[in-house]
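Let's take a friendly walk through this fold, one piece at a time.

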Amino acid sequence: MEKQDLLLLHGALGSQSQFQNLMPLLEEHFEIYTLDFSGHGDMPVGNDFGIITFANEVLYELAKWHIDKINIFGYSMGGYVATYLALNSDRVLKAFTLGTKFLWTQEYAEKEARKLDPIKIMDKVPAFADELKQRHKQLPWEQMLAKTSRMMQDLGNNNLLSLENLKQVNAEICVGIGDSDNTVDMDESVSVYHAIPRSKMCVMPNTLHPFEKVNPVLLAESLKQYFKQDL
């Protein structure tokens with residue numbers, strides 16, 4: 001049986017390298033594609049840094065790969081990008097989001113942005129600072145934090161997704177959330193699930209928000225079940 005194409009999109013402050021434990025569990029069933037958004041991992045930063053830019057980068061890569069439509073798994077911000085693409089293009093077959101914050105407000109954005117203070121991170125979680133230094137080769141980690149903070153505040157001021165425009169999404173979306181996710185609100189995820197016409201919901205047991213805390217075997221099985229259910 002011909003393999004389906006599956007694109008994996010990382011979250012904020014992340015990179016495609018985070019999928020190294022997940023990909024081997026999927027390669028038997030899918031043709032796997034990944035990328036680093038600009039400024040992340042090995043990708044130089046461009047003039048713009050934000051959701052629309054990242055979505056356009058996905059479209060650019062799809063054209064380079066000669067792929068018309070694709071299935072997408074998006075973790076956190078990657079799920080937001082996937083849903084934005086599903087709303088604004090016809091290039092998404094199906095998407096599975098995990099730990100995605102969809103409904104941004106100024107208050108929430110300011111709270112999250114305050115967590116991205118490099119001095120506080122160095123003081124309280126130096127191991128995370130070292131992780132960011134190792135992960136991002138093109139952009140100093142302090143600048144990565146500053147740009148991500150600004151992106152969050154931009155979403156707080158002008159959220160690109162709403163319960164109203166999510167009703168216009170034509171692609172099927174599975175809204176995934178960990179049952180122990182302290183970053184994304186369960187009630188919000190349920191509201192998004194109800195707003196998207198062709199939607200499913202997946203609550204992953206014993207799952208926190210950080211991708212490194214997600215059980216790759218459990219996630220791989222969830223992705224295989226969702227994307228291959230119509231075959």
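Helix α3 (residues 77–88) lies across β1 (4–9), β3 (70–75), β4 and β5, and runs at about 145° to β3. Helices here are DSSP runs of H or I with at least four residues, strands are runs of E with at least two, and both are numbered from the N terminus. Angles run from 0 to 180 degrees between N-to-C directions, using axes fitted to C-alpha atoms, for helices over the stretch in contact. Helix α9 (residues 216–227) also packs on the sheet, touching β1, β2, β3, β4, β5 and β6, and its direction makes about 150° with that of β4. Contact means heavy atoms within 4.5 Å.

This is a predicted model, where local features need pLDDT of at least 70 and side-chain atom pairs pLDDT 80 or more, while totals for chains, interfaces and linings use all residues. Residues are numbered from 1 along each chain as its sequence is written, and side-chain values use heavy atoms, leaving out hydrogens and water.

Now look at the sheet itself. Its six strands form an open, parallel arrangement in the order β2-β1-β3-β4-β5-β6. Because β2 (30–34) and β6 (199–204) stand at the edges with a single partner strand each, one side of each has no neighbour in the sheet. Two strands pair if DSSP finds at least two bridges between them; β4 and β5 (residues 172–178) have five, in the parallel sense.

Finally, find threonine 97 in β4 (residues 92–98). Its bridge partner in β5 is valine 175. Threonine 97 counts as buried because its relative accessibility is 0%, and buried means under 20% relative accessible area (1.4 Å probe, protein chains only).

Conventions: Buried means under 20% relative accessible area, exposed over 50%, partly exposed in between (1.4 Å probe, protein chains only).
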